[in-house]
Amino acid sequence: MATEQFLISAEQAEAYEERFVPALFRQWVEPVLEAAAVGPGDQLLDVACGTGVVARAAVDRVTPNGSVTGVDLNPAMLAVARRVAPEIEWRQGDVAALPFSEDAFDVVTCQSAIFFFPDPTGALTEMGRVTRPGGRVAVQAFSSLSAQPAYGPWVDMVARHAGPDAVELLGTYWTHGDPEIMRGRCADAGLRVTAVHEHTRPAYFPNTETMVLTEVNATPLRDRLDQVDLDRILAESHEVLGHFVRDGRLVIPLAGYVLATSPA
Ligand SMILES: C[S@@+](CC[C@H](N)C(=O)[O-])C[C@H]1O[C@@H](n2cnc3c(N)ncnc32)[C@H](O)[C@@H]1O
């Protein structure tokens, strides 16, 4: 799940939509749209839209008279988004300089992406700039590793085998886990936090082995571990994650939060 940089091929973008969206990202869409109070008539922008799971769900809520636009840096993600929902407007763009004018939207959403942005405060400032006064900006992130009931102990175990910096290598997703730090960034970006909604949502994997290989292969850990290390990690993963297996499937609780904000 963790990647140092989000450079994505066409094949990876298809796999993202087919596997990762149903496994994990779809479960956060309703909390994000709820926090943003998305309703009929809203002009909505979904930032770092990926293959479009948030934007697609938003269409039903903004109808009638609303509109939905998705923007993402990565053309491969946008190509999948366009194929799945050609009726939505998809734009390529960097959150550091969004290709929209001031006050262009009522609502801006950003799900599972803030931890990839080199300048998160600058990104929040841009989201606020394109939102009209009195509009809403909702940003979702995952909680810190120490608050993750399954990933926390699992990463600790991997670090015992792969070395302490494994935590960092597996860590991109957890780096914005403290809502208080994010609250400060929002203030610096001119966004007033109106609510912090904490949630725990499931992530589904067909089995424990698939989860371990997915995590390791998505990070520089892949080049670090020999087969002996990997076998040990796999064996211990069954112990650490055993009580999250339901009918053979691994169901991992993921803790996260959505910040509801408004341009100050
Ligand atoms: C984990 S995906 C989340 C996608 C989508 N929001 C979802 O929930 O499925 C992270 C997305 O952030 C995008 N991204 C990363 N850096 C970006 C930037 N600087 N500007 C715009 N999008 C960016 C990536 O291309 C990728 O599609």
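Which side chain has an N or O atom 2.9 Å from a nitrogen atom of the ligand? In this predicted model, that side chain belongs to Asp-94. The legends below take up the ligand site, the cysteines and the nonpolar core.

Figure 1. The side chain of Asp-94 places an N or O atom 2.9 Å from a nitrogen atom of the ligand. Gln-111 contributes an N or O atom of its side chain, at 2.8 Å from an oxygen atom of the ligand. On its own the ligand has 600 Å² of accessible area, and the protein covers 97% of this area.

**Figure 2. Cysteines without disulfides.** The count of disulfides in the model is zero. Cys-49 is in no disulfide, and the cysteine sulfur nearest to that of Cys-49 belongs to Cys-110, 10 Å away. Cys-49 is buried, because its relative accessible area of 6% falls under the limit of 20%. Cys-186 is likewise in no disulfide, and its nearest cysteine sulfur is that of Cys-110, at 11 Å. With a relative accessible area of 0%, Cys-186 is therefore buried.

**Figure 3. The largest nonpolar core.** This core has 92 residues, and Met-127 and Trp-154 are the members with the most contacts inside it. In soluble globular proteins, nonpolar side chains tend to be buried together.

**Figure 4. Surroundings of Met-127.** Neighbours within four places in sequence are left aside in this view. The residues then in contact with Met-127 are Val-47, Val-95, Leu-98, Val-108, Cys-110, Ile-114, Phe-117, Val-137 and Val-139. Cys-110, one of these contacts, is also the residue whose sulfur is the nearest cysteine sulfur to that of Cys-49.

Technical notes
Residues numbered from 1 in each chain as written. Predicted model: local features only at pLDDT ≥ 70, side-chain atom pairs only at ≥ 80, totals over all residues. Heavy atoms only, no water. Polar contact = N/O pair within 3.5 Å; in protein donor to acceptor, adjacent residues only side chain to side chain. Areas by Shrake-Rupley, 256 points an atom, 1.4 Å probe, with all protein chains shown as cover. Disulfide = S-S within 2.5 Å. Buried < 20%, exposed > 50% of the residue type's maximum accessible area, 1.4 Å probe, protein only. Core = buried A, V, L, I, M, F, W, Y, C linked by side-chain atoms within 4.5 Å. Contact = heavy atoms within 4.5 Å.
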